[in-house]
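Please examine the sequence and the structure before reading the solutions.

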Amino acid sequence: MDVLVVDHPVAQTRLTVMRDGRTDSASFRAALHELTTMLVYEAARSLPVEQFPIETPVAPTQGIRLANPPLLVPVLRAGLGMADSALGLLPESSMGFVGLARDEHTYEPRAYMESLPTDLTGRPVLVLDPMLATGGSLEHCCRLLADRGCTDITVLCVLAAPAGIERLDRSGLPLRLVTAAIDERLNDRMFIVPGLGDAGDRQFGGM
Ligand code: PRP
């Protein structure tokens, strides 16, 4: 599986704000919004483009547009904080939704919402979820997409744990990963260390 770490200094400053336990919810959401723009920008580098004729005020020339705009899929809840900035950078995209909650005891994902096009053949998909911990949630989400015929999945994360990367790699699903950092490990509650805590709670408050 291809893994791209966006270690740009500006991205890393936003990640630092998100990691800092003193950061309040509003500042956390703002940093996630800005960091997502950078992750999407890097992930979109490989999207196919096509030329079309335009006229500047001076002369005719060729313009560029996306040949096949992607479907964006935020994983609820935490991925919601990435949705608006991804759509802002790729306004031609459409959006599907998957709702997953990780069981506190088994750490396996429980699906509670699914709103996706039935056929994703030939369509690139960008999956948005800040955290790749055990990888259970993102494997489940990517399997839903592959079951609909998708063969081009890019997962965008803020943080990835080595165990989650291995799980996605072993899944054999057609995906690549774009992340701002790969952290050390998971703790005994399957939280990423050093991590940033619970990305859903830090954006929206505890349940
Ligand atoms: C978190 C996170 C990922 C998942 C990562 O969501 O946003 O979706 O856990 O863990 P995994 O890789 O071990 O599956 P959570 O289930 O806490 O729900 P939330 O987004 O509603 O907070």
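The exercises below refer to a predicted model.

**Exercise 1.** Determine how helix α1 and helix α2 are oriented to each other, and describe their contact.

*Solution.* 
Step 1. Helix α1 covers residues 9–19 and helix α2 covers residues 25–43; their axes come within 9 Å and cross at roughly 155°.
Step 2. Angles over 145 degrees count as roughly antiparallel. The pair α1 and α2 is therefore roughly antiparallel.
Step 3. The crossing in which α1 passes α2 is left-handed.
Step 4. From α1, the contact is formed by Val 10, Ala 11, Arg 14, Leu 15, Val 17 and Met 18. The contributions of α2 are Ser 27, Phe 28, Ala 31, Leu 32, Glu 34, Leu 35 and Met 38.
Step 5. Sorted by class, this contact of α1 with α2 comprises ten nonpolar, one polar and two charged residues.

**Exercise 2.** Carry out the analysis for α2 and helix α3.

*Solution.* 
Step 1. Helix α3 spans residues 80–89; α2 and α3 pack at an angle of about 45°, and their axes are 8 Å apart.
Step 2. Accordingly, α2 and α3 are oblique to each other.
Step 3. The handedness of the crossing of α2 and α3 is right-handed.
Step 4. On the α2 side, the contact involves Arg 29, Leu 32, His 33, Thr 36, Thr 37, Val 40 and Tyr 41. On the α3 side stand Gly 81, Met 82, Asp 84, Ser 85, Ala 86 and Leu 89.
Step 5. The contact of α2 with α3 contains six nonpolar, five polar and two charged residues.

**Exercise 3.** Which residues are closest to the ligand, and which elements give two or more residues to the shell around it?

*Solution.* 
Step 1. The ligand is surrounded by 23 residues, of which the closest are Arg 77, Arg 102, Thr 134, Ser 137 and Gly 200.
Step 2. Two or more shell residues come from each of β6 (97–102), β9 (131–132), α4 (136–147) and α6 (199–204).
Step 3. The shell divides by class into 13 nonpolar, six polar and four charged residues.

**Exercise 4.** Locate the cis peptide bonds at Arg 77 and Pro 194, and the positive phi of Tyr 107.

*Solution.* 
Step 1. Between Leu 76 and Arg 77 the peptide bond is cis, with omega near -5°. Arg 77 belongs to the loop between β4 (71–76) and α3, and it is among the residues closest to the ligand.
Step 2. The bond from Val 193 to Pro 194 is also cis, with omega near 0°. Pro 194 is placed in the loop between β13 (192–193) and α6.
Step 3. Tyr 107, a residue other than glycine, has a positive phi near 65°. This tyrosine, Tyr 107, lies in the loop between β6 and β7 (109–115).

Terms used: Residues are numbered from 1 along each chain as its sequence is written. This is a predicted model: local features need pLDDT of at least 70, side-chain atom pairs count only at pLDDT 80 or more; totals for chains, interfaces and linings use all residues. A residue is near a molecule or strand if its C-beta atom, placed from the backbone, lies within 6 Å of it. Helices (H or I, at least four residues) and strands (E, at least two) are DSSP runs, numbered from the N terminus. Ala, Val, Leu, Ile, Met, Phe, Trp, Tyr, Cys and Pro count as nonpolar, Asp, Glu, Lys and Arg as charged, and the others, Gly among them, as polar. Axes are lines fitted to C-alpha atoms, for helices over the stretch in contact, and angles run from 0 to 180 degrees between N-to-C directions. Angles under 35 degrees count as roughly parallel, over 145 as roughly antiparallel, 65 to 115 as roughly perpendicular and the rest as oblique. A crossing is left-handed if the near helix is turned anticlockwise from the far one by less than a right angle, and right-handed if clockwise. Two residues are in contact if their C-beta atoms, placed from the backbone, lie within 7 Å.
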